[in-house]
Amino acid sequence: MTEPVKVALLGCGTVGSEVTRILLDDPGELAARVGAPVELAGIAVRRPDKHPELPQHLVTSDATALIDSDVDIVVELIGGIDPVRDWLLSALRKGRSVVTGNKALLSEHGSELAEAADESGADLYYEAAVAGAIPLLRPLRESLAGDRITRVMGIVNGTTNFILSAMDSTGAGYAETLDEATRLGYAEADPTADVDGYDAASKAAILASLAFHSRVTAADVHREGIAGISSSDITAAKSLGRTVKLLSICERVTEEDGSESVSARVHPVMIPKSHQLAGVGGAFNAVYVEAEAAGQLMFYGQGAGGAPTASAVLGDLVSAARNKVAGGRGPRESAHAALPVRPMGQTPTRYHVSLDVADKPGVLAQVAQVFAAHGVSISTVRQRDRRSTASLVVVTHQAPDAALRSTVDEIDKLDVVREVVSVMRVEGEAE
Ligand SMILES: NC(=O)C1=CN([C@@H]2O[C@H](COP(=O)(O)OP(=O)(O)OC[C@H]3O[C@@H](n4cnc5c(N)ncnc54)[C@H](O)[C@@H]3O)[C@@H](O)[C@H]2O)C=CC1
Ligand SMILES: N[C@@H](CC=O)C(=O)O
Ligand code: NA
């Protein structure tokens, strides 16, 4: 009989409880897939008394003792940096493989963890960390390893997509929809990580690192969340045949001197209703990958929630267990390209600017003059008269983000501008 592969589970909340259920549900089937029994050796939880549903002989509050015991794989589903970082480094250094969904940790300390895994020959897998159930990281790391990826763009945060979809379709309020996302197990322990874009920025850092064989950290990613999105932004988008999505955009860019760099950013974007990402609703995620030989690929599925995320964790666990049985490790990730990160100010973007202006002659010319002075070319202008004011909606062509920002700042100071109603970046052409 083949020796069992022993697994330590750290954390038994939304995702951990689903992983436990699947692991204990059909051990015979898992053993057949792995080629050896997969034995859950222990479950570390913060408060054992809060988990009467778990097999009590497996439950412990001592995570370090469990990691140090005779286990082969550590599955971490606690989240955050401390104390998890030290625990996982220690596990990897002892040759235990690690499976985790902890994007906050990976986007800050990914290189340290990968080095520890390389040194001991352990696996470090984290498919659950980006886009939940969707197989995305393994395709980037393995299937596309021979291609040259140029762009990875999409919706990678389920909570904010859930909120924006509800605001667009039912006009539901921001706070009530966030409560619902938390109840459904989509939101992070601290949901400001979702709404302020930190979670999506961590995921963008992981995607850019794998896609461009470099080390991009969350701090390298330009980040704006959805907390500032108002119903007037949503209405402005609708009047242009657009909708608002929080997008993560990672690109390989060629600088003027021919050198390459990476642009990685997360911010709300107005996209046409006809855009494929516009139809991605609820907590679903969708990511486009563009590669030179493959062309465009699209990945779509459930990006959050206990069971979908547990699917990704189990996939990694089976892979790591198979490698243990075979006596080796899976493909490592490469960061040899070490591309620098281009600052957001230099990144070309397009803006939608909606203004309330005085309804008198020469106003349009004054506004247009500010755009021209900053070298920003206008794509379309719409004007609608009200009683004593007019509404002016300007959509620009591409310009460096810093030029667009300073244009808006200066327009805001014009006497004839009563209010800057909405400013947002746009992607794609509306019909
Ligand atoms: N919920 C989701 O949809 C997804 C979550 N993730 C990631 O998976 C991880 C877990 O997420 P959730 O299950 O949603 O979080 P959760 O908050 O529901 O569960 C975390 C569990 O860890 C326990 N815990 C905290 N400190 C501990 C300690 N020192 N020792 C033992 N247990 C401890 C908590 O009591 C809690 O039960 C996080 O890294 C999260 O970012 C990734 C993808 C999707
Ligand atoms: N809070 C995250 C969970 C999955 O990563 C999200 O909403 O996407
Ligand atoms: Na995934």
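This is a predicted model: local features need pLDDT of at least 70, side-chain atom pairs count only at pLDDT 80 or more; totals for chains, interfaces and linings use all residues.
Visitor: Is Lys203 buried or exposed?
Guide: The relative accessibility of Lys203 is 3%. Buried means under 20% relative accessible area. Lys203 therefore counts as buried.

Visitor: How is Ser209 classed, buried or exposed?
Guide: Ser209 has its place in helix H10. Leaving aside neighbours within four places in sequence, Ser209 is in contact with Ser214, Arg215, Val216 and Ser334. Because its relative accessibility is 8%, Ser209 counts as buried.

Visitor: Which residues surrounding ligand 2 are the closest?
Guide: Helix H7 (158-169) and helix H10 (198-211) each supply at least two residues of the shell around ligand 2. In total, 13 residues surround ligand 2. The closest are Lys103, Gly158, Thr159, Tyr186 and Glu188.

Visitor: What percentage of the area that ligand 2 exposes when taken alone does the protein bury?
Guide: An oxygen atom of ligand 2 is 2.6 Å from an N or O atom in the side chain of Lys103. An oxygen atom of ligand 2 also lies 2.7 Å from a polar backbone atom of Gly158, and one is 2.7 Å from an N or O atom in the side chain of Lys203. Taken alone, ligand 2 exposes 250 Å², and the share of that buried by the protein is 94%.

Visitor: With which side chain does the side chain of Glu188 make a polar contact?
Guide: UniProt, in an unreviewed entry, places the feature "binding site" at Glu188. Apart from neighbours within four places in sequence, Glu188 is in contact with Lys103, Ala193, Asp194 and Asp199. The polar contact of the Glu188 side chain, at 3.1 Å, is with the side chain of Lys103.

Visitor: Why does Glu188 count as partly exposed?
Guide: Glu188 is placed in the loop between helix H8 (174-183) and helix H9 (192-195). Partly exposed is the class in between buried, under 20%, and exposed, over 50%. Glu188 counts as partly exposed because its relative accessibility is 27%.

Visitor: In S5, what is the bridge partner of Glu76?
Guide: Strand S4 (residues 73-76) and strand S5 (residues 97-100) run parallel and are joined by 4 bridges. In S5, the partner of Glu76 is Thr100.

Visitor: How many residues of strand S14 are buried?
Guide: Strand S14 (residues 351-358) pairs in the antiparallel sense with strand S18 (residues 417-426) over 7 bridges. S14 also pairs in the antiparallel sense with strand S16 (residues 389-396), over 7 bridges. S14 is mostly covered, and its buried residues number 8 of 8.

Visitor: Which residue in S16 does His352 stand opposite?
Guide: S14 pairs with both S18 and S16. In S18, the bridge partner of Val353 is Val423. In S16, the residue opposite His352 is Val395.

Definitions and conventions. Residues are numbered from 1 along each chain as its sequence is written. Chains are lettered from A and ligands numbered from 1 in the order in which they are written. Side-chain values use heavy atoms; hydrogens and water are left out. UniProt positions are given in the numbering used here, feature names are shortened, and annotations may be inferred rather than shown by experiment. Buried means under 20% relative accessible area, exposed over 50%, partly exposed in between (1.4 Å probe, protein chains only). Contact means heavy atoms within 4.5 Å. A polar contact is a pair of N or O atoms within 3.5 Å; within protein, one must be able to donate a hydrogen and the other to accept it, and residues adjacent in sequence count only if both atoms are side-chain atoms. Two strands pair if DSSP finds at least two bridges between them. A residue is near a molecule or strand if one of its heavy atoms lies within 4 Å of it. Accessible areas come from the Shrake-Rupley method with a 1.4 Å probe; for residues, only the protein chains shown count as cover.
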